[in-house]
Amino acid sequence: MILLPNLERKRKAWQDGVAHATLDPEGPGAARMHLVPPKPVFFGDPPSQLIINGTWFLPVGPSWAAVLRIFFEELHVRCRDKYEISPEEIEQIEKAVVSRTLKLYPGTDPVMISGDLKEIVTLAVSIATNGEIPEGTLNGLDIEKYSKYMTAPHRMDLMVAPMTVNGMRACPLECACCYAESGSVMDIGEPLSTDDWKLIIDKCRDAGIPMLTFTGGEPLTRRDIAVLVRYASWFVTRVNTNAFLLTPELACELRDASLDGIQITLYSHDPGIHDELVGKEGAWEKTVAGIKNAVAAGLEASINTPLLDKNRDLESTIRFAYSLGIRCFGCSSLIPTGGAVEQINTGKALTPAELKDILKKAVEVCNELKSDISFTSPGWLSAEEIAELGLPSSPVCGACLSNMAVAPGGDVVPCQSWVSGQTLGNIRTQTWKSIWNGKACRNIRRNCAARPKCALKEGNVI
């Protein structure tokens, strides 16, 4: 097995805070593990969170957390300048973990410690490589109840590319339902520099945020996007893009920068429908070429399709994307913000009944193709309807809890769709603690987050 802790970023002494290690960084299937400790409390002993590839969240008690932290430290020390270690070194690491754990928990069975460690590593690799997950392993977390122990979201969306720069449109497309069309935070003068964003990335790490998504606007308009992804290799990293600018060379740069996933927006298998919805003739060909480039480069690529009345044939879009090599599909209803407001007001949004019918067929197709599908819009269908359809989970609002966003100028907003209204603070000029514990952030976390509805759809504002 190839084992690698973070080598790209400055090394810190292992201490209380988020601990991280990466297994098999060269793939297939890097397993990035982040151990996030809970906020200290006077009474009780809340679990830490083990986050694997920004997707799987496991509650781990103090003993498992200690084993993991020691394991990460041993990897860090023994893999300091290596991308691969020998079976003998792996055995030495295991012995060191057992020995150090016994000092913390005298009298514990060494075989049990070794078995726990192997179980954790096996689970992480299985998740990263889409292997079989042992039944009963993933107990999950009630994030609403756990929120009082959190000091930061699990994911921060970095909107590194504005919609407008000095009055000139920066995004190459004009999507009919773009959320980023609203809010002055998306229209700025000169974009932040590479160093500015590196400092923001540093602040996200110091805050204990394990996952970053580079988005916009269109993040690929930044010539330094691969540089920023590489700088963020401590995190689980993803890029959300329309792939209009994803050349073979850029796809390989992103792969070499250790990008963990790329989500590409494809509105339809039909070129005419896609081009109409993104406002640019010939865009479909560019996006499809980008999808092919991502797959050819070996990136973990997925497709997202915002659903309207015009592109309701999701079944054909899934089959088409599958033929391009895509195996993971996401879809959403319209979020009532930005350009989508007009679409909703003019009757172009789908009804819950129509969504349910479309999703039923889409799930059947994905089951046939042995592919994954998710529906990400809370508040359109009930938890019972989501379960009836066979979708993996019922979507809930994550604003100011599981996910937040940094706008192009450094302003922090509740989520990447919530870019209008008052901001929560500026990460460049304020401490993270003051933003997270600010009145506006706490109000949204208390009143909106973890609910099976969209705060924007319900008309909630800051």
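Predicted model: local features only at pLDDT ≥ 70, side-chain atom pairs only at ≥ 80, totals over all residues.
User: OK. Which residue is the bridge partner of L158 in strand 16?
Analyst: V406 is the bridge partner of L158.

User: And in which sense do strand 6 and strand 16 pair?
Analyst: Parallel. Strand 6 (residues 155-159) and strand 16 (residues 403-406) share 4 bridges.

User: What sheet are they in, and in what order do the strands run?
Analyst: An open sheet of 10 strands with mixed pairing. The order is 15-14-13-12-11-10-6-16-17-18.

User: Which are the edge strands?
Analyst: Strand 15 (372-375) and strand 18 (425-426). Each of these two pairs on one side only.

User: Where does helix 12 pack?
Analyst: On that sheet. Helix 12 (residues 352-369) touches strand 14 (328-332) and strand 15. The directions of helix 12 and strand 15 make an angle of about 165°.

User: How many bridges join strand 7 and strand 8?
Analyst: 2 bridges, in the antiparallel sense, with strand 7 covering residues 164-165. T164 stands opposite R169 of strand 8.

User: Switching to helices. Which residues of helix 8 are buried?
Analyst: H274, D275, L277 and V278, within a helix that spans residues 271-278. They cover an arc of only 165° around the axis, so they sit on the same side of helix 8.

User: Why would residues three or four places apart point the same way?
Analyst: Because an α-helix has 3.6 residues a turn.

User: What covers the buried residues of helix 8?
Analyst: The cover includes strand 12 (261-265) and helix 9 (283-297).

User: And what caps the N-terminal end of helix 8?
Analyst: D270. One of its side-chain oxygens lies 2.8 Å from the backbone nitrogen of G272.

User: What follows helix 8?
Analyst: G279 follows helix 8, and its phi is positive, near 70°.

User: You mentioned helix 9. Is N293 in there buried or exposed?
Analyst: Buried. N293, which is placed in helix 9, has 17% relative accessibility. The cut-off for buried is under 20%, so N293 qualifies.

User: What does the side chain of N293 reach?
Analyst: The backbone oxygen of L246, at 2.7 Å. Sequence neighbours up to four places away aside, N293 touches L246, T247, P248 and A251.

User: Now N53. Where is its place?
Analyst: In the loop between strand 4 (48-52) and strand 5 (56-60). N53 is buried, at a relative accessible area of 13%.

User: What lies 2.7 Å from a polar atom of the N53 side chain?
Analyst: The backbone nitrogen of R32. Beyond its neighbours within four places in sequence, N53 is in contact with A30, A31, R32, A128, V236 and R238.

User: Next, E74. Which helix does it lie in?
Analyst: Helix 1 (residues 62-78). E74 counts as buried, with 10% relative accessibility.

User: Which side chain does the E74 side chain make a polar contact with?
Analyst: That of R100, at 3.0 Å. Not counting residues up to four places away in sequence, E74 touches I93, A96, V97 and R100.

User: Last topic, cysteines. How many disulfides does the structure hold?
Analyst: The structure holds 0 disulfides. C415 is in none, and the nearest cysteine sulfur, that of C397, is 6.5 Å away.

User: Are C415 and C454 buried or exposed?
Analyst: C415 is buried, with a relative accessible area of 15%. C454 is buried too, with 13%.

Technical notes
Residues numbered from 1 in each chain as written. Heavy atoms only, no water. Buried < 20%, exposed > 50% of the residue type's maximum accessible area, 1.4 Å probe, protein only. Arc of directions from axis to C-beta. Contact = heavy atoms within 4.5 Å. Polar contact = N/O pair within 3.5 Å; in protein donor to acceptor, adjacent residues only side chain to side chain. Pairing = 2+ DSSP bridges. Axes fitted to C-alpha atoms, helices over the stretch in contact; angles between N-to-C directions. Disulfide = S-S within 2.5 Å.
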